[in-house]
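Please read the following report alongside the sequence and the model.

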Amino acid sequence: MDDMQRELINIVGEDSTKAIGCTEPVAVAYAANIASDYINKDEISKINLKVSKNIYKNGKAVKIPNTGDHGLDLAASLGAFTSKTDKAFLVFSNLTDDQIKKSREFVNENKVNLNYIDDVPDIYIEATIIANNDQVTSIISHSHSHISKIIKNGNVILDNPFIKNKNSEFSIKNMTFADLEKIVRDMDINEIDFVLEGVDVNLKAAEEGLKGYGMGLGKKLNELKENKILPDNFVSETRILTAAAADMRMGGGPFPIMTSGGSGNQGVGIILPVYMVAKHENLDDEILARGLFFAHIINRYVKEYAGKLCGICGCAIGAAIGSSAAIAFMLGGGQKEIAGACTNIFANLTGMLCDGAKESCSMKLSTSAEEAIIAAYLSLNGVVSEANVGVVGENIEQTIANIGKLSHQGFESADKTILEIIDK
């Protein structure tokens, strides 16, 4: 295996992991959990929480697993009072009834101060826990699980700045879709078939979601299909399962989700559409594994330009791109058809707002999943949005660069306005 293949495997391995609950409350809980390990939990009297605007936006309204409730203040309290975890995304996996009760009371007694702040990275969490004469601060930045600093009573215990591509000169941004496609086609299947685990994980989440979580979109869409309002085909079934998995996750269900790019919803939007097409087309596990691996890589590629959190829905401009590229890839499409599938998505779904993580995210996610399938089949049948029109550039790499510019510049003011709206 060459170094480039190993780098891509490391990227997918880091980006694709099991998570319980929405990523932003999870990260807040993890920051508090880390800080509380340095003091006596029974003596905690106050938690001061400072977060970036994007963390605030995405964590304000989404349900926390096993609680039926929401709030970053509650997430911080739960993280502080639960037992120490070494797995950031599973911090909510072992909550007890007593811990949930104690955390709710702590919040209700106004012992958690929450503020969002400017001039910090898109992902930024500063959790300060006060207990008697001790004060401990832990800081997460740039990545939802990267502890960049721990300070106790003014003394720095850990100083671990986030360094992109640490110990490596490799950057996926320097590659093209054609490069990535060729590498994935040539990789040893035994090195990348670990991605198949995500199918089982996310299908179980979807099956649980069909019982009715959150807004119950998946369950209701299934009823519409049974009543012949929606067509009974694999595309509708993909939309239903995707919605159900998102319902479970955003509605505070207890099942894990396999992520993509560190996002649970994007993991759903990557894995389920790709799997459902492979199932419909009777493709074997090797083709499916290569498709899933390619989808995760393309999602990460887009994030390198657009960022992990921004004003545009990541399910639309990230997960849908990855899954559409993978579908075209699995069905025998070449570079032209793969780029065309992604171009169709950008021409269609760019501009879908991210107005925070919440139960209705299942609507945007399931729409994106269905459109990813259609976009790929359209490209394979010669229908692609023309180049150099709107956000679509001369080639797919230029289009993604355009999306990055739109995310960071065009949607910056929109993001601020959304925050003002949801903060009322």
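## A nonpolar surface patch

Tyr38, Ile157 and Leu158 together make a nonpolar surface patch of about 220 Å². A patch here is built from residues with over 30% relative accessible area and no salt bridge, with nonpolar side chains (Val, Leu, Ile, Met, Phe, Trp, Tyr) joined within 5 Å and like charges within 9 Å; the accessible areas come from the Shrake-Rupley method with a 1.4 Å probe, and for residues only the protein chains shown count as cover. Leu158 has a relative accessible area of 31% and is therefore partly exposed, given that buried means under 20%, exposed over 50%, and partly exposed in between (1.4 Å probe, protein chains only).

This is a predicted model, in which local features need pLDDT of at least 70 and side-chain atom pairs count only at pLDDT 80 or more, while totals for chains, interfaces and linings use all residues. Residues are numbered from 1 along each chain as its sequence is written, and side-chain values use heavy atoms, with hydrogens and water left out.

## The sheet that contains β9

Strand β9 is part of an open sheet of 6 strands with mixed pairing, in the order β5-β2-β6-β7-β8-β9, where two strands pair if DSSP finds at least two bridges between them. The edges are formed by β5 (112-117) and β9, each of which pairs on one side only. On average, neighbouring strands of this sheet are turned by 15° against each other, direction ignored, the axes being lines fitted to C-alpha atoms and the angles running from 0 to 180 degrees between N-to-C directions.

Within this sheet, strands β6 (residues 124-131) and β7 (residues 134-141) run antiparallel and are joined by 8 bridges. Ile125 stands opposite Ile140 of β7.

## Salt bridges

The structure holds 19 salt bridges, each defined as a side-chain nitrogen of Lys or Arg within 4 Å of a carboxyl oxygen of Asp or Glu. One of them pairs Arg6 with Glu191, whose closest N and O atoms are 3.7 Å apart. Because Arg6 lies in helix α1 (residues 3-15) and Glu191 in helix α7 (residues 189-192), this pair ties together parts that are 185 residues apart in sequence. Arg6 is partly exposed at 36% relative accessible area, and Glu191 is partly exposed at 29%.

Another salt bridge joins Asp186 to Lys182, with the closest N and O atoms 3.0 Å apart; both residues lie in helix α6 (residues 177-186), 4 residues apart, which is about one turn of the helix. Asp186 counts as partly exposed at 48% relative accessibility, whereas Lys182 counts as exposed at 54%. Lys364 and Asp355 also meet through their side chains, at 2.8 Å from N to O, and Asp15, Arg300 and Glu304 are linked in a network of salt bridges.

## Cysteines

How many disulfides does the model contain? The count comes to 0 disulfides, where a disulfide is a pair of cysteine sulfur atoms within 2.5 Å. The closest cysteine sulfur to that of Cys342 belongs to Cys315 and is 16 Å away, so the distance is too far for a bond. Cys354 is likewise in no disulfide, and the nearest cysteine sulfur, that of Cys313, is 6.3 Å away. Cys342 counts as buried at 0% relative accessibility, and Cys354 counts as buried at 14%.

Note on methods: Helix = DSSP H or I, 4+ residues; strand = E, 2+ residues; numbered from the N terminus.
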